[in-house]
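This report describes one protein model, taking its parts in turn. Look at the sequence and the structure first, then read on.

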Amino acid sequence: MSSFSKPTIFVTRRLPSEAQQRLESLGDRAIVKQHNSIENISRQDLLDSIKGIDGLICLLSEKIDQELLRTAGPQLKVISTISVGYDHIDTAAVKAHGIKLGYTPDVLTDATADTTVLLALMASRRAKESLEIVKSGKGSGFSLSTGLGTQFSGKTLGIVGFGRIGCATTARLVPFGFTRVLYTASRAHEKRARPFNAEHASFETLLSQSDLICICCPLNKQTQGMFDARAFAMMKPTGILVNTARGAVVNQEDLLEALDRGLLAHAALDVTVPEPLPCDHPLVLHAKCTVLPHIGSATEETRNAMGNLAIDNALAGVFDQPLKAEVQL
Ligand code: DGY
């Protein structure tokens, strides 16, 4: 970009309405190009669209790797992902190219924690089975002893990953009556844990003692596949697993086998591998598994806030300003 020309920002998706309006009003500051669709952009279209851009606003469905960075060219200054997770991005390559990386923490914490609670309640109260009964028309109305779920009073909550979303989830769930909270994290977070009396526990302790386990951690080398056959074997047979983080934290084949063997009572997943999970996938069909299509942050308020923060980050990056929310590479 010469000192007189406007920077070019490419956006890989149509944004939620308010953020889209703002994007469309940026013309005096930047040239905005966009894959103006609510559907994914194909890899080839993405590569064809990014040559010579200064900023990229992308989603978790786009792989940001060496090939893409090289294709964009050395003038690329900023990648701004509309997500808090950035496991789709080769951060080492981004760093090596001297590119800034923006993301959208905080603004999606409440919505994602709400979804975690939604899934926890759906699982504990067997909502999937009840909905199926209604749909099939085979229900017999009020029943005193069938379709009974469990409640959280007096139980132990286990939180995997005690960051913003893990804490917000704990704050929402404790009032349901949990009397003990365990969490795993790479280190103890005494201040965050204090309001809940939460105990920093080993993964093994959390698995074997929790009645409800919520996965709220980022996907990285340490967490990839951490819920595997060994982990499921340590869970309580009455235990419930909720995942609103990333699908790859759970080994889905092992999960399927564990559900079949009764090693846990129910798994409720907002995130899977792949996304979407085919409608005939055994986990989708399984009575003890509830699957949502990655709607953790899907509220009007949150998605617009994410879009706006991503725009802020991209604008700051192309004009060499500090990003509002930057990943420290
Ligand atoms: C994220 O931001 O990483 C979520 O998975 C989507 O909101």
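Where is the place of Pro 276? Pro 276 is in the loop between E11 and H12, where helices (H or I, at least four residues) and strands (E, at least two) are DSSP runs, numbered from the N terminus.

## About the model

The model is predicted: local features need pLDDT of at least 70, side-chain atom pairs count only at pLDDT 80 or more, and totals for chains, interfaces and linings use all residues. Residue numbers start from 1 along each chain, as its sequence is written.

Most residues other than glycine have a negative phi, and most peptide bonds are trans. The bond that joins Glu 275 and Pro 276 is cis, with omega about -5°. Another cis peptide bond runs from Val 273 to Pro 274, with omega near -5°. Pro 274 is found in the loop between strand E11 (266-269) and helix H12 (282-285).

Asn 197 has a positive phi, near 55°, and is not a glycine. Asn 197 sits in the loop between helix H8 (190-193) and strand E8 (199-200).

## Two domains

The domain assignment gives domain 1 (8-106 + 300-318) and domain 2 (109-291); such bounds come from an automatic or database domain assignment. The C-alpha centres of the two domains lie 32 Å apart. Five residues from domain 1 and seven residues from domain 2 make the contact, and two residues are in contact if their C-beta atoms, placed from the backbone, lie within 7 Å.

On the side of domain 1 that touches domain 2 there are one nonpolar, two polar and two charged residues. In this count Ala, Val, Leu, Ile, Met, Phe, Trp, Tyr, Cys and Pro are nonpolar, Asp, Glu, Lys and Arg are charged, and the others, Gly among them, are polar.

## Helix packing

Two packed helices are described by the angle between their axes and the distance between the axes. Helix H1 (residues 17-24) and helix H13 (residues 300-318) pack at about 25°, with axes 7 Å apart. Axes are lines fitted to C-alpha atoms, for helices over the stretch in contact, and angles run from 0 to 180 degrees between N-to-C directions. H1 is therefore roughly parallel to H13 (angles under 35 degrees count as roughly parallel, over 145 as roughly antiparallel, 65 to 115 as roughly perpendicular and the rest as oblique). The contact involves Glu 18, Ala 19, Arg 22 and Leu 23 of H1 and Asn 304, Gly 307, Asn 308 and Ile 311 of H13.

The axes of helix H5 (residues 109-124) and helix H7 (residues 164-173) come within 8 Å and cross at roughly 50°, so H5 and H7 are oblique to each other. By class, their contact has six nonpolar, four polar and three charged residues.

## Around the ligand

The residues around the ligand are Leu 60, Ser 83, Val 84, Gly 85, Leu 108, Gly 296 and Ser 297; a residue is near a molecule or strand if its C-beta atom, placed from the backbone, lies within 6 Å of it. This shell has three nonpolar, four polar and no charged residues.
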